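Subject: The two-chain model, with notes

Hi,

Here is the structure you were after. Have it open while you read, and my notes on what turned up in it follow below.

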Amino acid sequence: MLPKPSGENGKNAASGLPHSSGDKRFKILELHMKKHQFRQDALIEVLHKAQELFGYLEDDLLLFVATKLKLPPSRVYGVATFYHFFQLKPQGEHACVVCLGTACYVKGADKIIGGIQEKYKIKSGETTADNKLSLLTARCIGACGIAPAVTYDGQVAPKQTPEAALEKIKTWI
Amino acid sequence: MQLDDLIAIAEKHKGSRKKIIVRTCMSAGCMSSQADVIKKNLETEARLQGLEADVEVRRVGCMGFCGQGPLVGVDQNGEHNLWEFVKPEDAPSIISALKGGACRVQRGDPKHPFFAKQMHIVRANGGIVDPERIEDYIAIGGYLALHHALTELQPAQVVEEVTKSGLRGRGDAGFPTGLKWGTVAKSPGAKKYIVCNGDEGDPGAFMDRSVLESDPHIVLEGMAIAAYAVGADQGYLYVRAEYPLAISRLQIAIKQAKQLGLLGAGIFESPFSFNVDIRIGAGAFVCGEETALMASVEGKRGTPRPRPPFPAESGLWGCPTLINNVETFANISAIINRGGDWYAGIGTEKSKGTKVFALTGKIKNNGLIEVPMGIPLRQIVEEMGGGAPDGRSIKSVQTGGPSGGCIPANYLDTPVDYESLTKLGSIMGSGGMVVMDDSTNMVEIAKFYMEFCMEESCGKCIPCRAGTVQMFNLLEKITRRQATARDLAKLEELCDMVKNTSLCGLGQTAPNPVISTLKFFRKEYEELLQPDPFGPAAGGAPLAPERVTK
């Protein structure tokens with residue numbers, strides 16, 4: 001099926017009411033959708049932006065996107081849950097992402113995860129009770145030449161060890 | 001934009017070059033070790049030491065030797081120096097060494113086999129051009145191939161040239177590129193699309209990231225030539241969200257190319273128009289499969305669909321669509337510039353040209369290499385890679401990631417080409433090459449890959465969705481020393497079933513790591529097995545053979 005002509009679709013959605021909360025971020029998100037002419041095939045781009053603005057995708061936010069793009073909520077929810085990159089729960093203040101690509105794995109990335117799990121009693125994908133730290137894993141960030149790699153709040157660090165990782169996390173908590 | 005304008009840009013840019021060029025690698029690997037600070041310090045230091053007029057500190061893409069990074073290259077009086085493990089505080093020493101004198105930084109050897117045995121087509125400009133300046137790419141002859149194709153060749157001639165080159169898809173399957181282009185070109189339809197697959201999902205591989213970060217224009221030029229050849233006017237570049245640097249450099253590259261009229265409407269004042277949009281993935285391995293990727297480009301869940309119809313007939317929004325991998329597109333401008341015959345002269349009978357590999361794992365020299373097809377695996381891992389570190393020996397080489405297999409050390413003399421690797425139960429794959437030493441437990445590796453496939457299975461077809469879980473459970477049971485010969489037989493049965501009945505490539509190849517480790521390292525599995533309390537030896541019923549064979 002060809003995408004719907006953008007103009008008509010965009011006009012209707014753009015004339016819709018703003019989000020009732022009055023949160024400015026919804027306005028920014030709507031502008032982003034407008035940039036994509038409210039095209040339904042831009043759903044993934046829109047969700048990327050939504051997560052960038054809000055940190056995670058809660059149901060209300062997904063419903064907002066569904067209404068604006070004139071998509072069934074099931075479709076938006078389906079896409080948000082399909083892709084690993086989208087978070088449906090709030091994340092901790094700091095994120096430690098351990099790369100679990102093959103090169104990192106054979107060089108001991110599992111030991112780094114093990115070290116953090118043991119010290120902070122959280123499994124991968126979980127956040128500490130004080131909401132300070134989220135432990136996440138990545139399926140290869142493409143930094144195999146400097147394995148094992150860990151991303152601390154978006155900054156890639158090369159050739160990590162369990163000790164180095166715990167040292168870094170200590171500065172956050 | 002006409003040819004004269006292009007040449008004028010190139011000449012002007014060449015004329016403004018300074019005597020000494022200090023190239024700082026600013027690819028993701030080196031960036032993680034403060035390459036941006038190093039570049040800034042080098043610039044400041046050049047100014048402080050009064051060399052501003054002679055020294056250009058240039059941002060460049062990946063130089064390949066990622067394990068020794070951050071890297072800084074120096075071109076002075078026709079000589080090339082390479083500095084390794086550079087730290088921000090080394091800047092004064094590097095700059096003062098330009099005036100003669102010693103440098104305290106470790107010097108790399110450009111004649112090292114790691115570099116000497118390489119042959120650069122795809123990565124010809126990596127580590128040389130500034131990926132964020134289109135003038136740099138134009139100055140080394142960029143976009144001349146596109147001009148040549150648009151003004152002197154008919155679309156059919158472009159397809160013919162690519163067919164003649166013998167280029168095969170670099171993504172995974174190795175399908176002849178010329179044949180694919182010809183099919184899309186012949187497919188009826190007013191609207192056609194080009195898709196560049198940059199969803200490099202194989203964990204342990206970063207060739208495409210490196211190409212996109214180091215030389216984005218070579219990919220854009222390849223896509224534009226392809227669009228002209230098949231009659232498309234819209235392209236999508238699908239990149240993983242995990243590669244933010246590649247995405248930002250591509251955005252810059254597309255903007256610059258549009259400004260110069262090298263993308264957009266009426267390129268080189270011909271009737272040919274071509275636009276490229278970036279589509280950012282969201283972390284799903286299955287999206288490397290072409291039909292799943294197209295669903296994702298359309299903003300849907302990335303689930304594959306049965307083929308036929310193939311994308312060449314019915315792809316994006318039902319229109320004929322050409323899908324090629326990043327590396328495949330990066331080969332195109334060289335083929336158009338130098339001819340299909342030249343390209344066909346490189347490599348083996350059935351595998352032409354070069355291949356980029358990400359050489360990683362338990363190996364001394366790790367990084368990115370581009371080698372001619374047919375090179376023996378031993379030359380790559382022993383001479384270029386320097387063997388395993390810490391006095392250990394190499395046990396196996398894994399190629400093809402979760403879809404590939406492990407090649408044991410006694411097969412290291414195998415030439416690296418599509419057929420030879422397939423014969424060994426592995427695949428060429430996209431170019432991941434992870435070396436494992438004798439401390440590696442092969443059953444654990446098989447389990448690692450199975451866990452990956454289990455989590456990445458999209459869930460659409462049952463053999464893959466349920467089969468990967470069952471296979472993972474069996475592997476877990478084996479590694480926990482709770483399994484019997486019966487479980488191993490069940491695992492093999494499942495491998496066969498999942499391989500033959502899954503819908504897409506993910507499921508069809510998911511058992512490969514298990515099959516290949518079972519083929520070459522069966523003993524490691526058997527050592528973990530427990531005696532079967534109900535087995536024939538204990539007087540129990542034998543494993544029902546009729547169920548197995550059915």
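Chain B averages a pLDDT of 93, with 97% of the residues scoring at least 70 (pLDDT is the predictor's confidence in each residue, from 0 to 100). This is a predicted model, so local features need pLDDT of at least 70 and side-chain atom pairs count only at pLDDT 80 or more, while totals for chains, interfaces and linings use all residues. Residues are numbered from 1 along each chain as its sequence is written, and chains are lettered from A and ligands numbered from 1 in the order in which they are written.

Helices (H or I, at least four residues) and strands (E, at least two) are DSSP runs, numbered from the N terminus. For the complex, the predictor gives an ipTM of 0.89 and a pTM of 0.93.

**Chain A**

Chain A has 8 helices and 4 strands. From the N terminus on, they run α-α-α-α-α-β-α-α-β-β-β-α. The C-alpha atoms fill a box of roughly 55 × 35 × 25 Å along the principal axes. The domain assignment gives domain 1 (6-82) and domain 2 (94-170), with C-alpha centres 32 Å apart; such bounds come from an automatic or database domain assignment.

Look at helix 3 (residues 43-54) and helix 4 (residues 59-69) of chain A: they pack at an angle of about 145°, with their axes 11 Å apart. (Axes are lines fitted to C-alpha atoms, for helices over the stretch in contact, and angles run from 0 to 180 degrees between N-to-C directions.) Which residues make the contact? On helix 3 of chain A they are Leu43(A), Val46(A), Leu47(A), Ala50(A) and Phe54(A), and on helix 4 of chain A they are Leu61(A), Val65(A) and Leu69(A). Contact here means that the C-beta atoms, placed from the backbone, lie within 7 Å. By class, that makes 8 nonpolar, no polar and no charged residues. For the classes, Ala, Val, Leu, Ile, Met, Phe, Trp, Tyr, Cys and Pro count as nonpolar, Asp, Glu, Lys and Arg as charged, and the others, Gly among them, as polar.

The 4 strands of chain A form an open sheet in the order 2-1-3-4, with mixed pairing; two strands pair if DSSP finds at least two bridges between them. Strand 2 (133-138) and strand 4 (155-157) of chain A are the edge strands, each pairing on one side only. From one strand to the next, the twist averages 25°. Strand 1 (residues 94-99) and strand 3 (residues 150-152) of chain A pair in the antiparallel sense over 3 bridges, and Cys96(A) has Tyr152(A) as its bridge partner in strand 3 of chain A. Helix 7 (residues 109-120) of chain A lies across strand 1, strand 2 and strand 3, running at about 145° to strand 1 of chain A.

**Chain B**

Chain B is divided into domain 1 (18-109), domain 2 (141-344), domain 3 (354-437) and domain 4 (443-538). The centres of domain 1 and domain 3 of chain B, taken over C-alpha atoms, are separated by 31 Å. Where those two touch, 5 residues of domain 1 of chain B are in contact with 5 residues of domain 3 of chain B. The domain 1 side divides into 3 nonpolar, 2 polar and no charged residues.

Chain B also has an open sheet of 5 strands, in the order 2-1-3-4-5 with mixed pairing. Its edge strands are strand 2 (55-60) and strand 5 (106-108) of chain B. Strand 1 (residues 20-25) and strand 3 (residues 72-76) of chain B pair in the antiparallel sense over 4 bridges, and Ile21(B) has Asp75(B) as its bridge partner.

There is a hairpin to look at too. Strand 12 (residues 394-399) and strand 13 (residues 405-408) of chain B run antiparallel, joined by 4 bridges, and Val397(B) is partnered with Ile407(B). The hairpin has 5 residues between the strands, and Gly400(B) takes a positive phi near 85°.

**Where the chains meet**

Cheers
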